[in-house]
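Subject: Handover of a structure

Dear colleague,

Please find below the structure that I am passing on to you.

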Amino acid sequence: AVSGEAASPTRHFVSELARENAAFWQGRDVRLDPAAPPAARLEQIRYRMRQGVYNELRSVELIAAWIPHVPERELRELLPGQLDDEQRHYQLLRRRLRDLGEDPDAYRPLPEWEALFDWLIACRARPTLEKLAMFQFAGESQSCDGFETLIDLARDVDPETAELYRTQILPDEYRHAAIGRKALTLLADTREGQERARAACREMNERVFAAYRAHRARADRRA
């Protein structure tokens, strides 16, 4: 069962872990190159959008797989809303790509990227603390930072896409990251739990970073 109001030391731990995750990602999100010429930057953004269609679809699959394995009612009841958001993002990105004359379903994920989602789905049997530390707390928080960067870099080359992300996707992502913060605040209330949450975040960050490197290598070959 989930306890009630968490003690202040737990909230302090959550803030500290968020800073550790942010420090890990300093200079490591290699998917976009701010110094690239506008044409190359636009191609990187288009690649991100095509990949985003895949990401949102797999996120729907992931959350649907996890919901039955989250016994804590206060957290489980938040996940269907996230699932609906991911499905809506999937449709928004597909529609935008079609408007740009692209096939929204032509993207074929790298093996490393497909394996990342396969691994996350297989994590459904892990404790809620670890699952939500990995995806909602670490993963979605880093996604928010990544979308902020994408929006900044898209404003001059594709302002309509930048506005789509800013108004219709990014606010939902911050709400998803808040689910992770709530999970840690409620469940990481022992030293052992905090170490498990920290290890889960580290595992997620390292796996995502390895997939990002593979993503950037492919994007550079296409540029």
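Predicted model: local features only at pLDDT ≥ 70, side-chain atom pairs only at ≥ 80, totals over all residues.

Residues are numbered from 1 along each chain as its sequence is written, and side-chain values use heavy atoms, with hydrogens and water left out.

Overall fold

The protein chain has 8 helices and 0 strands; helices (H or I, at least four residues) and strands (E, at least two) are DSSP runs, numbered from the N terminus. Along its principal axes, the C-alpha trace spans about 50 × 30 × 30 Å. The radius of gyration of the protein chain is 17 Å, which agrees with the value near 17 Å for a compact globule of 223 residues; this quantity is taken over C-alpha atoms, and the globule rule is 2.2 Å times the number of residues to the power 0.38.

Of the 223 residues, 52% count as buried, where buried means under 20% relative accessible area, exposed over 50%, and partly exposed in between (1.4 Å probe, protein chains only). Among contacts (heavy atoms within 4.5 Å) with a separation of 6 or more, 83% join residues 24 or more positions apart.

Aromatic rings

Rings of Phe, Tyr and Trp (its six-membered ring) pair if their centres lie within 6.5 Å; planes under 30 degrees apart count as stacked, over 60 as edge-to-face and the rest as tilted. By this rule, the count comes to 11 aromatic pairs. One of them is W25 with Y212: the ring centres are 5.3 Å apart and the planes stand at 50°, so the pair is tilted. This pair links distant parts of the chain, as W25 lies in the loop between α1 (8-24) and α2 (38-66) and Y212 in helix α8 (residues 191-222), 187 residues apart. W25 is buried, with a relative accessible area of 10%, and Y212 is buried as well, at 3%.

W113 and F117 form an edge-to-face pair, 6.4 Å centre to centre with 70° between the planes. Both lie in helix α5 (residues 111-122), 4 residues apart, about one turn of the helix, and both are buried.

Which residues form one aromatic cluster? They are F24, W25, Y47, Y54, Y107, W113, F117, F209 and Y212.

With kind regards
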